[in-house]
Amino acid sequence: MMALKGWAHRVWMGLKTTFIGLSITVPYIFRRPYTLQYPEEVPELPPSERGLHNFEIDKCIACDQCSKICPVDCITIEGEGKGKLARIRTFEIDYTKCLFCALCCEPCPTECIHMGPTFDLVGYTRDEVIINYADRENPRTFSEGEKLPYEIASFARK
Amino acid sequence: MMASVDPLSSHIAVWLAGLFGLDAPSWPFHVVAMLVVATLVVLLVALVALIGIYLERKIAGRMQNRRGPNRVGPHGVLQTLADGVKLLAKEDIVRAGADVALFRFAPYIVFVAAFAGYVVLPFAPNTVPADLNVGVFFFLAVIGLETIGIVMAGWASNNKWSLIGSMREVAQVVSYELPLGIAAMCPVLVAGTLSVRGIADSQQGWFWNWMIIKDGYWAIVMVPCFLVFYIAGLAAAKRAPFDLPEAESELVAGFHTEYSGIRFGMFFLPEYAVMFSLSAFATALFLGGYHDPFGLSVGMEFGVGAVVWGLLWFFAKTGVLFFSMIALRWTLPRLRIDQVMYLCYKTLLPIAMGCLVLTALLRLLG
């Protein structure tokens, strides 16, 4: 009799636990999925996100500070002129090396380099991910969203 | 004992003969009509698999907070079609060391077994591909045939995973077939016929005529009986938690590890075809078949309206069971083979036997 009782209990528990499981999984069907349709939908990143750099070409005085502090030597700078009149000719960041540490933003005397929110840089060759920010013919343009973090950063520094 | 209805093909043959101004169809009309019905059933199987696979992936996605397929066509509805075309275009590999003849032949047995089960399903009033007077036996026997194809595939693959998978299938078959068959006998005893259409027609009228709650008091026997049939049916369709022959986390892909291209498709498609035909069979046996729950079909004259009305309720009830099978797959973990044995021999079989004895007693007394 005890054995039969145990058997009935196991049958009942089998059914009960199945329905408990279903009552957890089935409501999920009617919830919104969390998946972000990435190329169409861009994730909302915090303003402190360290993505590709934002570079203000007119402020730069080609002082080479950022290049010197860079731990992986990914910044190449060529300038012309002297002192405060100096103007930048090449400002290349090699994103195959860059580790997004934001150390380059710290020593800049004119606050012309900031970390932006863009995180998806793709190319078919390694050369395609070396960006020359000082290219005056086709400069990298920033969207409204990309400008925001640099404004916050310069506000914080004051 | 109710008279059996003519097979669907004879209705079509009469209609075709009518087009040519003949009173009685001669044999060419019957042949053409049979081909038409066979084509319709093949199309239904393909459609069920296409929609079933899409639903499965979509529901699985939603249950895991994902979206499921949504790239091919609106909301991804053409994904299965694209996958089918991909499978057709893929190379048909027969591995070295395989038993070539058996290897090539196995998928056909599985496919034909899944397809043949549809023959006895009552889709709507007077719409049965063939109303066999041993329909229940035929269906259970034909569903069991699939195992032979799977064992052939597992043996011919010459691969340890395939062999383990097919051995598990055999072990599973001998355990689930008993409760499945005995549970199916209870509605047969109550209806007094082995014809699936006859059992479905005996449940016409309000929903308390349905086998599962027949006149209220039958629910004591029929609800456990239906649950046993449903659980054993899950095992027959090789669905989780009984998907041991496939067991992708343990056996790569089980018995179809070595298959590629359309031969893999011929293992994949019948899984959904069997799921659907078992749901439809359970509907016919326990849930009133194609009859609506409000007795509206009682006085209905046979015609297009009655057929559409019947098809509607048939697909609605079958769809609910189909959905529950998908939901269960993504809810329960897979059983071990000894747990499957325990469940089938020590739990389902005694319950099914008890139900059968009780049904027989209730029939004798009442």
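# Notebook: a predicted model of chains A and B

**Entry 1. Chain A as a whole.** I began with the secondary structure of chain A, which comes to three helices and five strands; helices (H or I, at least four residues) and strands (E, at least two) are DSSP runs, numbered from the N terminus. I noted that this is a predicted model, in which local features need pLDDT of at least 70, side-chain atom pairs count only at pLDDT 80 or more, and totals for chains, interfaces and linings use all residues. Residues are numbered from 1 along each chain as its sequence is written, while chains are lettered from A and ligands numbered from 1 in the order in which they are written.

Read from the N terminus, the elements of chain A follow the order α-β-α-β-β-β-β-α. I then looked up burial: 14% of the 158 residues of chain A count as buried. A residue is buried if 20 or more other C-beta atoms lie within 10 Å of its own, exposed if 12 or fewer, and partly exposed in between, with C-beta atoms placed from the backbone. For contacts in chain A with a separation of 6 or more, I found that 73% come from residues 24 or more positions apart. Two residues are in contact if their C-beta atoms, placed from the backbone, lie within 7 Å.

**Entry 2. Helix H1 of chain A.** How many residues of H1(A) are buried? The count is zero among its 24 residues, and the helix is hardly covered. I also checked the span of helix H1 (residues 2-25) of chain A: its end C-alpha atoms are 34 Å apart, in agreement with the 34 Å that 24 residues should span at 1.5 Å a residue. The expected span of a helix is 1.5 Å times one less than its number of residues.

**Entry 3. The sheet of chain A.** I traced an open sheet of three strands in chain A, in the order S2-S3-S5, with antiparallel pairing. Two strands pair if DSSP finds at least two bridges between them. Strand S2 (75-80) and strand S5 (130-132) of chain A are the edge strands, and each pairs on one side only. From one strand to the next, the twist averages 10 degrees; axes are lines fitted to C-alpha atoms, for helices over the stretch in contact, and angles run from 0 to 180 degrees between N-to-C directions.

I followed one pairing further. Six bridges join S2(A) to strand S3 (residues 87-94) of chain A in the antiparallel sense. Ile77(A) has Phe91(A) as its bridge partner in S3(A).

**Entry 4. Chain B as a whole.** In chain B I counted eleven helices and zero strands. Its pattern along the sequence is therefore written α-α-α-α-α-α-α-α-α-α-α. The radius of gyration of chain B is 21 Å, close to the 21 Å that the globule rule gives for 366 residues, so chain B is as compact as a globular protein of that length. The radius is taken over C-alpha atoms, and the globule rule is 2.2 Å times the number of residues to the power 0.38. The C-alpha trace of chain B spans about 60 × 55 × 40 Å along its principal axes.

Of the 366 residues in chain B, 48% are buried. Among its contacts between residues at least 6 apart in sequence, 77% join residues at least 24 apart.

**Entry 5. Thr80 of chain B.** Is Thr80(B) buried or exposed? I found it buried, with 23 C-beta neighbours inside 10 Å. Thr80(B) lies in helix H3 (residues 79-89) of chain B. Leaving out residues up to four places away in sequence, Thr80(B) touches Leu50(B), Ile53(B) and Tyr54(B).

Entry 6. Most residues other than glycine have a negative phi. Ala62(A) sits in the loop between strand S1 (53-55) and helix H2 (65-69) of chain A. With 19 other C-beta atoms within 10 Å, Ala62(A) is partly exposed.

Lys238(B) is not a glycine either, and has a positive phi of about 55 degrees. I located Lys238(B) in the loop between helix H8 (219-236) and helix H9 (261-286) of chain B. Lys238(B) counts as buried, with 26 C-beta neighbours inside 10 Å.
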